[in-house]
Amino acid sequence: MGFAFDLLLALALLWSAWRTLATPDIFRAVILFIVFGLLLTLVWSRLAAPDIALAEAAIGAGLTGALLLDAIGVLRGRKKS
Amino acid sequence: MKRFAVALLAALFAVALIAALLELPAPAVDLPAAVGAKMAESGIAHPVTAVLLNFRGYDTLLEIGVLLLALIVVLAVAAREEAKQPAVADPVLQTLARIAAPLMLLAAVYLLWAGAFRPGGAFQAGAVLAAAAVLLHLAGLAAAWQKPGKCLRIGLAAGFLVFLAVAAGLLVEGALLQYPPAWAGALILLIEATLTVSLGLILAGLFLFLS
Amino acid sequence: MTSGLIFACAGVVLFAMGTAGVVLLDHLLRRILAFNLMGSGAFLVLIGLAQRDGMPDPVPQAMVLTGIVVAVAATALALALARRLFALTGGYGLPQSEAKDGND
Amino acid sequence: MTDPLPWLILLPLLWATGAFLLGPARGARLALAGTAVQLWLAFALAAKVSSAGTALHHPVGGWGAPLGIDLAADGLAALLLILTQFVALPLFLYARAYFAGKSPAFWPLAGFLLAGMNALFLSADLFNLYVTLELVGLAAVGLVAMGGGAQQLAAALRYLFATLVGSGLYLLGVALIYGVFGTVSITALTPLVTADAPPAVWFAAGLMLAGLMAKTALFPFHYWLPPAHGGAPAPVSALLSALVVKASFYLILRLWLHPFAPLTQVAAWLPALLGGAAILWGSWQAIRAERLKELVAWSTVAQLGYLFLIFPLLGADRLALHAGGMQVVAHGLAKAAMFAAVGVLIQVTGRDAVADVAGVAARLPVTLFAFGLAGITLMGLPPSGGFLAKWMLIDAALLRGRWDMVVVILAGGLLAAVYVFRVLRQAFLLPSSGERRRVERRPVATLEWTAFALAAASVLVGLRGMEILRLLEAGT
């Protein structure tokens with residue numbers, strides 16, 4: 001049971017990573033990256049590493065995601081004007 | 001052509017390395033046992049925090065240096081960007097931020113306190129503090145930061161400076177960052193508490209100086 | 001096969017994907033994303049391999065915490081430079097090398 | 001201050017933070033005072049290592065490896081520590097005059113850079129080395145970006161991605177090593193790594209060394225170096241070209257000699273082959289370069305090539321190791337001098353094309369003399385440190401019948417002469433046009449004389465060769 005869940009989680013993680021790189025739209029890529037970060041948080045808790053899970057959710061997905069979203073927000077705003 | 005070659009190379013590398021991972025002997029050195037044996041002397045009850053701030057505290061000291069350095073570069077580069085107009089105030093988001101920010105402050109204090117004996121610690125607490133600041137900014141309740149004044153600079157550097165001061169002070173008695181077992185818990189708590197504030201400011205600064 | 005080993009293998013694939021991405025992609029933000037995937041892959045290998053017998057190991061866990069903070073510092077630095085470059089040139093990519101290198 | 005090891009790391013961190021808090025004017029003074037103390041500490045350390053005859057250890061946290069992190073200093077580490085502080089001190093004097101208080105980020109970044117390098121030279125823990133690599137890499141990228149122009153930012157970003165991929169490869173290697181052996185302490189690993197190690201260890205060694213080679217700008221990973229070193233402000237170019245690339249080279253040599261020696265024998269020809277290619281290609285590009293700083297930067301690509309020739313020649317006679325150590329020192333001093341001199345030329349003429357220095361020698365004799373002295377070291381003429389390094393390298397190659405290497409070394413010397421004389425011929429022989437002279441600024445004496453001091457040191461260090469070789473014998 002645990003094995004099947006781990007395998008599915010690993011595949012979902014790799015799929016989200018692949019889509020992050022391959023998606024043509026940069027906004028969507030950032031959203032997929034945040035999804036990737038949340039999946040990675042799950043992986044860390046599966047690996048009995050709650051400290052890393054907390055840090056990944058807060059820093060990896062949260063702060064990095066916010067930084068990236070802000071960056072594309074700026075880029076888009078500038079492009080229009 | 002280049003695209004195809006790099007992709008092929010990466011795929012071959014991944015397959016070969018995975019094959020190499022499937023048949024490994026047991027490691028020769030058993031560090032978890034060593035950590036367990038010295039836990040009582042570390043002054044901390046949670047193994048990951050003990051490694052992070054005591055056994056390998058020197059890594060953490062340099063890592064805070066990396067973070068401060070990144071902030072200095074962000075400051076130097078972003079200072080020339082023209083100031084952006086304040087974000088559009090969204091009443092729903094504002095209400096949410098007003099409720100969430102104090103709760104996040106509480107969560108940060110809890111995480112800092114919890115780090116001594118369960119998952120948590122200065123990094124997670126600092127990240128939550130930073131997230132609160134970012135949320136307030138996005139809701140239009142806090143402005144983006146301009147050039148930092150004296151107070152803000154001291155706040156940004158305080159955690160690193162306290163860490164450095166403790167590391168240097170302990171050299172009088174023994175090695176770098178060699179906590180006397182009786183004082184270890186108190187000194188680590190002092191470092192963690194100032195680090196939480198500074199990390200919160202630095203992580204928030206990475207966002208607020210840029211935007 | 002333990003959870004550790006599964007995720008270590010996933011980490012290898014992730015690392016290979018990220019590295020290829022950093023090398024091949026042109027868009028600066030995408031390269032920053034790819035660098036983050038690469039780092040996460042290395043962290044997964046570190047933890048997964050160390051815990052392949054199923055026992056948690058605090059030493060690599062602390063290392064990964066350090067690594068995550070270093071990665072966010074590098075990401076912020078890269079973003080600051082990319083945003084500044086965008087403000088100056090209006091482009092997402094790096095201009096072709098001015099050094100006559102013949103390598104690009 | 002009994003033990004110099006931790007203070008060599010703490011001091012630059014302290015003055016870097018101080019410079020961030022107090023601003024550029026007081027920051028510069030702090031940096032100069034701090035670096036002077038560090039230079040003294042580095043000499044004290046070298047004396048201790050020499051008299052002990054073995055490596056010194058400092059267990060951080062008092063735990064000792066493998067639970068804690070050990071600092072270790074042998075002769076090679078002491079030599080690089082001296083070189084780093086010795087080059088940084090005049091360059092900081094130069095930078096203070098060059099920036100004149102206008103570049104507030106320089107001093108904190110330079111402090112973190114020096115702290116990172118000193119920590120790298122002293123660390124005996126593979127993961128801790130990763131953190132120091134990032135500290136050095138990010139500080140260097142920040143310094144390149146300080147210029148603020150689009151070209152500098154693009155160069156900084158290209159450099160950033162190269163250095164991040166390099167440290168990423170290194171990190172995966174560390175992860176594999178921890179997975180296989182359960183430790184990342186170099187001391188603990190050395191007896192464990194043998195020729196019949198599992199394939200994952202071979203992968204790890206390959207990944208770590210390849211990542212470090214990318215950071216050292218070994219051909220064909222050199223593409224990022226000329227724009228980064230050629231585009232940064234002169235004091236930054238000098239720091240990066242003289243010291244930063246040597247830090248990752250030092251680590252390659254260290255890992256090659258210590259935990260990975262049983263594995264690396266089979267592939268020793270590869271770095272030498274790439275090094276030979278770097279010498280020829282880098283020199284050729286330097287000869288063709290149009291901008292002065294580009295010329296000097298391509299010369300760095302070529303001179304780094306010599307360092308990689310030593311790997312197949314390493315052996316019991318230690319000639320190749322001595323040649324490598326000497327080349328690191330000689331090139332470090334000469335390249336710092338050359339970038340410093342070129343910085344003066346560009347500041348005075350207001351232009352940076354090689355053709356624009358025509359006839360400038362009459363007005364800047366000290367600077368041109370400094371450039372020429374540094375050139376003597378790069379060409380490998382006696383009595384310079386470069387001569388000694390290349391002489392020992394040829395000797396080591398002849399002992400093993402490697403005529404091909406001798407040819408490359410001699411050809412590299414000739415090509416270096418061509419690009420050095422290209423500049424000197426312009427400066428001394430060609431007349432300058434009158435309309436240019438009017439826009440010229442007067443040279444700042446500090447800038448000229450620090451460049452000259454570094455250049456003179458690069459030649460004179462050849463006369464103190466025996467001391468350097470004796471230091472390298474201690475515990476390396």
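Helix H2 of chain C is mostly covered, with 23 of its 23 residues buried; a residue is buried if 20 or more other C-beta atoms lie within 10 Å of its own, exposed if 12 or fewer, and partly exposed in between, the C-beta atoms being placed from the backbone. The structure is a predicted model, in which local features need pLDDT of at least 70, side-chain atom pairs count only at pLDDT 80 or more, and totals for chains, interfaces and linings use all residues. Residues are numbered from 1 along each chain as its sequence is written, while chains are lettered from A and ligands numbered from 1 in the order in which they are written. Helices (H or I, at least four residues) and strands (E, at least two) are DSSP runs, numbered from the N terminus.

H2(C) covers residues 28–50, and its 23 residues reach 33 Å from the first C-alpha to the last, close to the 33 Å expected at 1.5 Å a residue. The expected span of a helix is 1.5 Å times one less than its number of residues. Chain C has 3 helices and 0 strands, in the order α-α-α from the N terminus on. Of the 104 residues in chain C, 74% are buried. The radius of gyration of chain C is 17 Å, whereas a compact globule of 104 residues would have one near 13 Å; the radius is taken over C-alpha atoms, and the globule rule is 2.2 Å times the number of residues to the power 0.38. Along the principal axes, the C-alpha atoms of chain C fill a box of roughly 50 × 25 × 20 Å. Among contacts in chain C with a separation of 6 or more, 59% are between residues 24 or more positions apart, two residues being in contact if their C-beta atoms, placed from the backbone, lie within 7 Å.

The average pLDDT of chain C is 89, and 91% of the residues score at least 70; pLDDT is the predictor's confidence in each residue, from 0 to 100. Over residues 97–104 of chain C the pLDDT is below 50, and this stretch has 11 contacts in the model beyond near neighbours in sequence. Where pLDDT is low, the predicted coordinates should not be read in detail.

The contact between chains C and B takes 31 residues from chain C and 32 residues from chain B. On the chain C side, helix H1 (3–24) and helix H3 (58–89) are the elements that give two or more residues, and H3(C) gives the most, with 17 residues. This side of chain C divides into 25 nonpolar, 3 polar and 3 charged residues. Here Ala, Val, Leu, Ile, Met, Phe, Trp, Tyr, Cys and Pro count as nonpolar, Asp, Glu, Lys and Arg as charged, and the others, Gly among them, as polar.

Among the 5 pairs of chains that touch, chains B and D have the most contacts. Their contact takes 44 residues from chain B and 46 residues from chain D. On the chain B side, at least two residues each are supplied by helices H1 (2–21), H2 (31–42), H3 (47–55), H4 (57–78) and H7 (150–170). H4(B) provides the largest share of this side, 13 residues. By class, the side of chain B that touches chain D has 32 nonpolar, 5 polar and 7 charged residues. Chain A and chain D do not touch, and their nearest C-alpha atoms are 15 Å apart.

Chain D contains 20 helices and 2 strands. Buried residues make up 68% of chain D. In chain D, residues 24 or more positions apart account for 80% of the contacts with a separation of 6 or more. Helix H14 of chain D (residues 319–349) has 31 residues and reaches 44 Å from its first C-alpha to its last, close to the 45 Å expected at 1.5 Å a residue. Because 29 of the 31 residues of H14(D) are buried, this helix is largely enclosed by the rest of the structure.

Chain D is divided into domain 1 (1–159 + 219–254) and domain 2 (268–476), with bounds that come from an automatic or database domain assignment. The C-alpha centres of the two domains of chain D lie 22 Å apart. Their contact takes 35 residues from domain 1 and 40 residues from domain 2. On the domain 1 side, H3(D) gives the most, with 12 residues.
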